[in-house]
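Open the model in your viewer and keep the sequence panel beside it. The tour below gives one selection at a time and says what is there.

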Amino acid sequence: MKPGWEMVIGLEVHAELATETKIFCGCRNQFGAEPNTNICPVCLGLPGSLPVLNEQAVELAMRLGMALGCRVEPSIFHRKNYFYPDMPKDYQVSQYDRPVNVDGRIDLADGTSVGIERAHMEEDTGKSTHVGGGGRINDAERSLIDYNRAGVPLVEIVSRPDITSSEQAKAYVNELRAILLATGASDAKMEEGSMRVDANVSVRRPGEPLGTRCEIKNLNSIRSLVRAIEYEAERQIDVIESGERVIQETRHWDEAGGRTRSGRSKEEAEDYRYFPEPDLVPLEPDDAWLGRVRDALLMLPAARRERLSAAAAGTGVALVVERGLDDLVLDAIEAGGDPGRLLTHAEHNVLEVGALTPASFAALSRLEKDGKLTATQAKTVLAELVEKGGDPAEIAKAKGFEAMDDSALESIVDGLIAENPDAFEKLKAGDKKVVGFFTGAVMKATQGKANGGAVAKILQQRAGG
Amino acid sequence: MTAREIVAAVQSGETTATAVLDEHLARIRERDGELHAFNLVTEDAARADAAAVDAGDRTGPLAGVPIALKDNLCTRGVPTTCSSRILEGWKPPYDATVVSRLRAAGAVVVGKTNLDEFAMGSSTENSAFGPTRNPHDPSRVPGGSSGGSAAAVAAGFAPVALGSDTGGSIRQPAALCGVVGVKPTYGAVSRYGLVAFASSLDQIGPFTQTVADAALVLEVIAGHDPMDSTSIDRPAPSLLDALEESVDGLRVGVVRELLGEGIADDVRRRTEAAADALAAAGAKVEEASVPAAIYGLSAYYLIAPAEASSNLARYDGVRYGVRVDGPTTGDMMEATRTAGFGAEVKRRIMLGTYALSAGYYDAYYGKAQQVRTLIIRDFQAAYEQFDVLLSPTSPTTAFPLGAKTEDPLAMYMNDVCTIPSNLSGDPAMSIPYGTGDDGLPVGVQVMAPALGEQVMFRAAAALERSLS
């Protein structure tokens, strides 16, 4: 970020709710089916058809709202009117001024938090494929439309403009994704389009009022999000510094070109003529229903991080929670394992639980802590525990990872000192860097069986310190 | 023959469903070339259905009764046009809930009837396929928008027809054609499969020759439908039993605001005669007031077009019906809609689009909804004092074709008495009550509070009896 400027970012995240069926009909909500196979009169918007709200969609939306700390309120649906060929009714049923979830917050791992303005429900559109010509809607030879996605339930989570950097935006999206997964509200796969992000970006000099914002669309990955925000902020600063004004507009991220491109200007944007959807009745969940949803809420990432930190402090906490390994680590600590070693392994050496059990994980960490296995050996044993399971002591024995006795280690160290007198002189002079040199050489000579700590101790004795 | 007579005669073996159907088809052949009540007569399917009744394969409370359907009710595999070019060639893949229920009750569908395009009009002259004529005087309109259904029953083409009523579209043509027409409580009959005009106002109901037939049909088509979120979660009301009940002590209010300026003298006199007849039968008849009713027409012509502008957006040439190609998708949509919609439909889409536009919403659509709330309150207050309310159905008897086509406002005035009940959601029905100075039928409207169908039918049956 250029000095003397700050970014103001708000994100709109669309997530497909992980329901069995679509939001207003009984068609399956399924990714990747043959085009136009999960359709019916309702989601095709055929004349005479009427919507009936999916209870499971409401439940997932409310669960997400509670997880975001929102107030879950009585709500209504509106029609958002505009013509678009992949939208069967030429209006989208969405929530407007009375959304189901309002006023929440996401706490990020770095201690900052981002406000949530609302998380409302709406229906997804179909998907167009433009064939031939320029490959865009207005210059293609033909357009094909798949309505399988039409009527898939969405929740749109609108943040407050509390985000001040691309890094924080990334952290916010990752955290929101973790919450969507933890609540079961969505499978939140950006690559399949079940989670989509639009970014509202503006810049200002510190202390000044908000600048004019641009909405960036077509962000298909976290990487795109970060790059697009960086690019857009720089672009706006250049515009302002050259004495011009930023125009409020929608811009599309061009991944290949690494830049945002102007779409249509918001000033000439369509008037959506919102009005209450007369085919649906107000959604007024009673206390019993709200209570059931609240009771079913699983533990959320922020609480999980807090719980893990209390048991095992370290830099890996956020990542371990994100990977869903925190229960394993906590259970292993409970089983008598070493908290520090467990957290470190979970952070660096365990990508999936596999056949690893809390008991075997705990036993492994104790062998290592007691100096019976080196860190390198422990990593090798751990890989086998994940793959096949078993008793770590036996696996270590089978691999010949018996810890070396001290006299054997001492003779190897002494041999190396004799071979490298210059390095030994430096060690005696207090040059700590050569400790690494000797340790590496010992490891090489012992094929990694030596305990690094023991080597350091011997070196220290020989150097007379 | 009435529907009840047909059911009894078919059941007793006095006649067959096929013979009944033949009689009706013969009348259609004889006269529908002139009247044009039907867009389509489904003779082959009707014969098969009648034969199934005669074979004992189809039974039910309407077994063997020929029924005509307004052509905005979806029928599986059978063209459903809304009398619009834009739906040319479209065959719905499903039956409307009311159609399924009629079929399950043994009814024999004889065809689809003409209407003002997308139910927008009061004379059936706005049909893309030409007007329907009034069986009592073919130089005159049958009313609208369900003019085809009203004419079909009046001409004896079918003892029962279904229509839809958004702003009087069942009751006004029933009055002009001299038949019974019922708009049930909003939500009493499922709208699933009724091509939407104005969703918060649309309601399906029957045309019949008698009050009892209307009760019979309503018992079949009403009742909760999980496919319609606005459907009231209640079973169909029992209405036939209410018909014989006395109106002794019934509190009847004659709505002052609906008997004022613009109501023809002969129509006013017939309405007063109806009030007198009820009084003679023991009812307590007094003047009632629903002050906000006079704003109904204005509110309606903002709310209904607003909803229509959205409901009719889907006719864009992308998925079904007519498509007129253009260089871009937007051009194609525009060309399709320009060619496919008639003048009145375009007028209302523009009105509604304007009423919902940013900056105008509060002044128009928002204000109209406030008026709607006032009308609901005024009716509620009136129903604290009265069991039913009485008014004319239409300000005049049937008018000549072409008389009002150049003056939309004069045409809109036809629905001044019927629209308030659409806005309030309450049930209302029109009963033929004699003739005007021109010898043409006059209808009287009986209105009741929401879900008050029983008391409404009770009063209607008493009026019917008073004429015999």
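Is B:His36 buried or exposed? Select this residue and show what surrounds it. B:His36 is buried, because 22 other C-beta atoms lie within 10 Å, and 20 or more is the cut-off for that label. Keep in mind throughout that the model is predicted.

**Two residues with positive phi**

Stay on B:His36, which sits in the loop between α2 and β1 (38-41) of chain B. Its phi is near 55°, a positive value in a residue other than glycine. Most residues other than glycine have a negative phi.

Now select A:Asn36, in the loop between β1 (6-16) and α1 (55-67) of chain A. The phi of A:Asn36 is also positive, near 55°. A:Asn36 is partly exposed, because 14 other C-beta atoms lie within 10 Å.

**Helices α2 and α3 of chain B**

Select residues 17-35 and 43-54 of chain B, which are helices α2 and α3. Their axes come within 8 Å and cross at roughly 155°, so α2(B) is roughly antiparallel to α3(B). To see where the helices meet, show the side chains of B:Ala17, B:Thr18, B:Leu21 and B:Leu25 in α2(B). Across from these, the residues of α3(B) in the contact include B:Ala46, B:Ala50 and B:Val53. The contact has 7 nonpolar, 1 polar and 3 charged residues. An α-helix has 3.6 residues a turn, so residues three or four places apart point the same way.

**A cis peptide bond**

Go to B:Gly144 and B:Ser145, which are joined by a cis peptide bond with omega about 10°. Most peptide bonds are trans. B:Ser145 lies in the loop between β3 (108-113) and α5 (147-154) of chain B.

**A covered helix**

Select residues 211-221 of chain B, helix α7. How many of its 11 residues are buried? The count is 10, and the helix is mostly covered. Among the buried residues are B:Val211, B:Asp213, B:Leu216, B:Val220 and B:Ile221. After α7(B) comes B:Gly223, with a positive phi near 110°.

**The nonpolar cores**

Next, select B:Ile67, B:Val108, B:Leu278, B:Val388, B:Val446 and B:Ala459. These residues touch the most other members of the largest nonpolar core, which has 156 residues. Centre the view on B:Val446: leaving aside residues up to four places away in sequence, its contacts include B:Val388, B:Leu390, B:Met429, B:Ile431 and B:Ala459. A second, separate core has 67 residues, including A:Val13, A:Leu46, A:Ile157 and A:Ile237.

**Helices α9 and α11 of chain B**

Which way does α9(B) run relative to α11(B)? Select residues 296-311 for α9 and 343-356 for α11. The two axes come within 7 Å and cross at roughly 100°, which means that α9(B) is roughly perpendicular to α11(B). Residues of α9(B) in this contact include B:Tyr301, B:Leu302 and B:Pro305, while those of α11(B) include B:Ile349, B:Leu351 and B:Leu356. By class, the contact divides into 9 nonpolar, 3 polar and 2 charged residues.

**Where the chains touch**

Now show both chains. In this interface, 33 residues of chain B are in contact with 27 residues of chain A. On the chain B side, α9, α10 (329-340) and α11 are the elements that give two or more residues. Of these, α9(B) gives the most, with 3 residues. The chain B side has 17 nonpolar, 10 polar and 6 charged residues.

**The domains of chain A**

Colour chain A by its domain assignment: domain 1 (6-294), domain 2 (301-398) and domain 3 (406-462). The C-alpha centres of domain 2 and domain 3 of chain A lie 29 Å apart. Their contact takes 4 residues from domain 2 and 6 residues from domain 3 of chain A. On the domain 2 side, 4 residues are polar, with no nonpolar and no charged residues.

**Last stop**

Finish at A:Thr357, in the loop between α8 (339-348) and α9 (358-369) of chain A. A:Thr357 is partly exposed, because 17 other C-beta atoms lie within 10 Å. Draw a distance from its C-alpha to that of A:Arg196: the residues are 36 Å apart in space and 161 residues apart in sequence.

Conventions:
Residues numbered from 1 in each chain as written. Chains lettered and ligands numbered in written order. Predicted model: local features only at pLDDT ≥ 70, side-chain atom pairs only at ≥ 80, totals over all residues. Contact = placed C-beta atoms within 7 Å. Helix = DSSP H or I, 4+ residues; strand = E, 2+ residues; numbered from the N terminus. Nonpolar A, V, L, I, M, F, W, Y, C, P; charged D, E, K, R; others polar. Core = buried A, V, L, I, M, F, W, Y, C linked by C-beta atoms within 7 Å. Buried ≥ 20, exposed ≤ 12 C-beta atoms within 10 Å, placed from the backbone. Domains from an automatic or database assignment. Axes fitted to C-alpha atoms, helices over the stretch in contact; angles between N-to-C directions. Parallel < 35°, antiparallel > 145°, perpendicular 65-115°, else oblique.
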